[in-house]
Amino acid sequence: MAESVTSWKSAGGNNPDHIGGNGYEFSYTDGETGEKKTIQVDYGSLFCDKKQTGYDCFIPTLPNCDDILITHGHEDHIGGIAHLMNLRRKELEEKRARGENLTIHCTPFAREMIKKDLQGNGIPKEEWPVFDIVEPGKPFEVNGFKIEPFAISHSIPDAVGYVIESPDGTRMMTTGDFKTAQVPLGQGWDDKQIAELAKKGIDYLFIDSTSSIQQGETIGEAEVKTGLKEILKQSQGGPVISGVISSSCHRLHTIALALAEEAIEREQKFREEGWPAAEPQPRVMILDGASLLLARRAMNACGYKLEDIIKKETGVDIKIVASNSKTAHRTPPDQRFYVCTGTQGEEASLLKIAEGRNKEISLDEMRAVGGEDMPIYVYDLQSCIPGSEAKHQALEEKFKQAGCKTYFPSRYKPNEYTVHASGHASAGDVAKICKICAENSPRPTMVVPIHGDPQQRRNVMKIAQENDLTACIFPNMVEMNSLGNKVISWEVADKSEEWIGVNDLNNDFRRPYYMYDKVEYDAETKQRIKTDTYKYKKAPRKPKEEENADAPKEEINETEKKNVSARKKAEPKRSEKDDAKAQPKADKNNADVIAQEVMKRKRAKGK
Amino acid sequence: MGLNWSDIDNLAQELEKRYPETDLSVLEHDELRKLVAGIDEFDDKTVPDDDTMESVIRAWIYIQFPEEPEKVGSGNID
């Protein structure tokens, strides 16, 4: 009789060069019956530059199960779900008819983020997966696996990790993206909780490696609040315009708290100077940008209503409004604290303000009301993301040219004010979790670094070994088999990685029309090859609309399609430049040729 | 033919025409139902569920603030 085996496979997330596209499969194969049970942790997207790749993003190969556990609501962990609903539409339709459903196990905030994605990608509500809300500290069972969710700290609320116990008793802890500093909203990291879980035994510990090359422990929002208050003191007599990533809800709380505390301190100073007592009047927090409004709705839906929280914490009433509201327009400019989208200089709120194209926020209008000499302060409360340096710098330059006083923190040198905290574990945080497991787990723990480039993962391995744990690095597409806490084998599926390329042919986020390609990526040569195109059934539409109402023009009309095809045949051979331009368009024939070529190469390699 | 709750985009456009200063970051579902009932072309007596109403608000938000959704994840954020 064959032995029962527990397996783990990285479908994405252990990428050689880009962080993202997380998808981790946990399986158990029963030695007696041969039955294989699988669950998946996360199904996210991998961002890319469409001009370079021809795709909007990539997602890992489709999960081979109907239960997906989600660690948190960032796109690189949930962004594949809407596309999964497209690609498995027919199969899921049949399953629903039998009373079976795709189930997403997640916390409330992650559910709100997933719903937002499903709506935005045009997935009809009738097709949505079932949401099973998980709560840290409350174990549950899925497909034969015992699951224990635990709270961790990250830059988005309600982030969790999981201990997954296979039917053979193998216990695997996956941290999700984490740091150990405390977070202001919801539950966060708790040493004691991790120690309690470790006491039951941890055989494998899958650790987020993203910031592992940073020394010490990642700072928390408390330090950001201090930095923000310092900068607020320098910003008197004029409006403040700030940039924040929308889902950084802890940062929104930090801003609100800093504004409230600054108002209290200002009021105290007035009293000390002999002025009559008055209620502290914080600046009005004005949100500008669709993603920020949606994030606030999600926060309110999950019980994170900032006005109530700040009132409880400080006793101060703070106003938070959208930039198009009457309250925003009636607030004197020097009492405004704008929070805007577009921290990296992309086509969003901040850039529109800098270029005089924002319909709600105008530097000229503020100066007309507050005076030509009124200072306008512009602060980016998010560090520059690698790859965005040029846009980030250009954005700051535009504000400077418009006469604003700016503070855009650098990613690469020490900053005067701390206005940003990462959500990822630095070396000190990694050491902390390794130490807890080493001290509490009654059996040996093997660390598997995930979610980081090779250098970051190597650093986690080093830290694990320094804390008396064994460690092993696996790239994507590797299946690791274990018996209890012993790795018995691992198999490299292929040297090249397999991804699904997502291409919105409409290039319109409001009416996307997706094409999905199977894409092979060679990590050594960095070459991507389209090997096939997925066929999928489009989402049903209302009877009065045409079935392909959202399709790009050349896809709608079959007659026109044939004509185009005929014209193509008559045309002279296209240049390479033309082909590059046409790359984003789906071309089944081309895919077939490429697929044949790939097969040829594989055969030549003896695969 | 009148508008109904499944005409998400059309409803959002009509709402923006009539109530452009609405603060959608805090608009309650009860209030949305009242605003929708005020649209002359609206002709639907069914009671919408929360997800349908959120879909209308979401579509309306993107009319007020026409910008691509932020792609947020560790690939582009700390």
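About 4000 Å² of area is buried between chain B and chain A, and carbon and sulfur atoms give 49% of it. Buried area is the accessible area (1.4 Å probe) that two parts lose on being put together, summed over both. The structure is a predicted model, in which local features need pLDDT of at least 70 and side-chain atom pairs count only at pLDDT 80 or more, while totals for chains, interfaces and linings use all residues. Residues are numbered from 1 along each chain as its sequence is written, chains are lettered from A and ligands numbered from 1 in the order in which they are written, and side-chain values use heavy atoms, with hydrogens and water left out.

The contact (heavy atoms within 4.5 Å) takes 59 residues from chain A and 37 residues from chain B. The rule finds 5 salt bridges across this interface; a salt bridge is a side-chain nitrogen of Lys or Arg within 4 Å of a carboxyl oxygen of Asp or Glu. One of them joins the side chains of B:Asp51 and A:Lys115 at 3.0 Å, N to O.

Helix H1 (8–18) and helix H3 (50–64) of chain B are the elements that give two or more residues to the side touching chain A. H3(B) provides the largest share, 9 residues. Helices (H or I, at least four residues) and strands (E, at least two) are DSSP runs, numbered from the N terminus.

| Class | Members of the class | Count |
|---|---|---|
| Nonpolar | Ala, Val, Leu, Ile, Met, Phe, Trp, Tyr, Cys, Pro | 12 residues |
| Polar | the others, Gly among them | 11 residues |

Chain B as a whole has 3 helices and 0 strands.
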